[in-house]
Amino acid sequence: MVFWEGYVSDELMGTFAPIVLYWVYAGFYHLLPPLEKYRLHTMKDEEKKNLVPFSTVVKGVLLQQLVQAIVALFLLTTTTNASGVIVQPSMPKQILQIVIAMFVMDTWQYFVHRYMHQNKFLYRHIHSQHHRLVVPYAIGALYNHPIEGLLLDTVGGAISFLVSGMTARTAVIFFCFAVVKTVDDHCGLWLPGNIFHLLFQNNTAYHDIHHQLQGLKYNYSQPFFSIWDRLLGTYMPFNLVKRPGGGFEARLAKE
């Protein structure tokens, strides 16, 4: 039994809950005061280094989410039992399905992401759009070229859903979790007690390294683990040090 049962179908929740949660969680970060003592980059750096205006970022994210919603609604409704009766798996099985989906999504995103960096044409015309945000921030987490959004996130999510065998109801949990994790990885803040920083080595500072010029060819893994970076030699260790003027800085351990 879930709180939306009887009000909204699992298919609609799986489609729109992650989108709503994206704007709620990213909006929360956006509305926070500057919090300079927790920032990985100063506000001045964000304004100076980023190459795209905020309004363009919002429009780009909304476009990607429109495509995601269409694909998700189609996928979730067409994989539903024709009788409409869904037997929800046991909790241990759902947890296993979510872990499988996490690994599948990480695998897909690592290799597609890495190839978009290695192929000069794809990087110049598609993936470089995301890197116009040299200093990442929460609302820009899904700011990508539409083709990249389709290939990396939408297709990756669809494959994760299908391979794991999860139901639409379990998918609500998985995709909401993936969205929150992705937003947090781009938030640019190293807040005390952040559970994602405690549980995942692939976190805000880890991904910040990838957005730095010296780290472009490292730390491709996203959004959950760092397994593929470590196995395939693209892991870049870093040190998190305090900035003299306040805040933190993720510094490459080797250059």
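Residues 133-152 have end C-alpha atoms 18 Å apart, and this span is 35% helix and 0% strand. In the unreviewed UniProt entry, residues 133-152 are listed as a transmembrane region, as are residues 12-32, 52-75, 95-112 and 158-180. For residues 158-180 the end C-alpha atoms are likewise given as 18 Å apart, with 87% helix and 0% strand over the span. The model described here is a predicted one.

**Overall architecture**

The chain contains 10 helices and 2 strands. Their order along the sequence is α-α-α-α-α-α-α-α-α-α-β-β. The radius of gyration is 18 Å, close to the 18 Å given by the globule rule for 255 residues, so the chain is as compact as a globular protein of that length. Along the principal axes, the C-alpha atoms fill a box of roughly 60 × 40 × 35 Å.

**Helix packing**

| Helix pair | Angle between axes | Axis distance |
|---|---|---|
| α1 and α7 | about 20 degrees | 9 Å |
| α4 and α6 | roughly 150 degrees | within 8 Å |
| α4 and α7 | about 45 degrees | 10 Å |

Helix α1 covers residues 10-31 and helix α7 covers residues 168-185; they pack at about 20 degrees. Because angles under 35 degrees count as roughly parallel, α1 and α7 are roughly parallel to each other. Their crossing is right-handed. On the α1 side, the contact is made by Asp 10, Glu 11, Met 13, Gly 14, Ala 17, Pro 18, Leu 21, Tyr 22, Tyr 25, Ala 26 and Tyr 29, which meet Ala 168, Arg 169, Val 172, Phe 175, Cys 176, Val 179, Val 180, Val 183 and Asp 184 of α7. Sorted by class, this contact comprises 15 nonpolar, 1 polar and 4 charged residues.

Helix α4 (residues 91-118) and helix α6 (residues 146-164) cross at roughly 150 degrees. This angle makes α4 roughly antiparallel to α6. The two helices form a right-handed crossing. From α4, the residues in contact are Gln 97, Ile 100, Ala 101, Val 104, Met 105, Trp 108, Gln 109, Val 112, His 113 and Met 116; their partners in α6 are Glu 148, Leu 151, Leu 152, Asp 153, Val 155, Gly 156, Gly 157, Ile 159, Ser 160, Val 163 and Ser 164. The class counts for this contact are 12 nonpolar, 7 polar and 2 charged residues.

Helix α4 also packs against α7, at an angle of about 45 degrees. These two helices are therefore oblique to each other, and their crossing is right-handed. Gln 94, Gln 97, Ile 98, Ala 101, Met 102 and Met 105 in α4 meet Thr 170, Ile 173, Phe 174, Phe 175, Phe 177 and Ala 178 in α7. The contact of α4 with α7 consists of 9 nonpolar and 3 polar residues, with no charged residue.

**Backbone geometry in two loops**

Most residues other than glycine have a negative phi, and most peptide bonds are trans. Leu 35, which is not a glycine, has a positive phi of about 50 degrees. This residue lies in the loop between α1 and α2 (43-49). A cis peptide bond is found between Gln 222 and Pro 223, with omega about -5 degrees. Pro 223 is placed in the loop between α9 (204-211) and α10 (227-231).

Terms used: Residues numbered from 1 in each chain as written. Predicted model: local features only at pLDDT ≥ 70, side-chain atom pairs only at ≥ 80, totals over all residues. Heavy atoms only, no water. Axes fitted to C-alpha atoms, helices over the stretch in contact; angles between N-to-C directions. Helix = DSSP H or I, 4+ residues; strand = E, 2+ residues; numbered from the N terminus. Parallel < 35°, antiparallel > 145°, perpendicular 65-115°, else oblique. Left-handed = near helix turned anticlockwise from the far one by under 90°. Contact = heavy atoms within 4.5 Å. Nonpolar A, V, L, I, M, F, W, Y, C, P; charged D, E, K, R; others polar. Rg over C-alpha atoms; globule rule 2.2 N^0.38 Å. UniProt positions renumbered as here; feature names shortened; annotations may be inferred.
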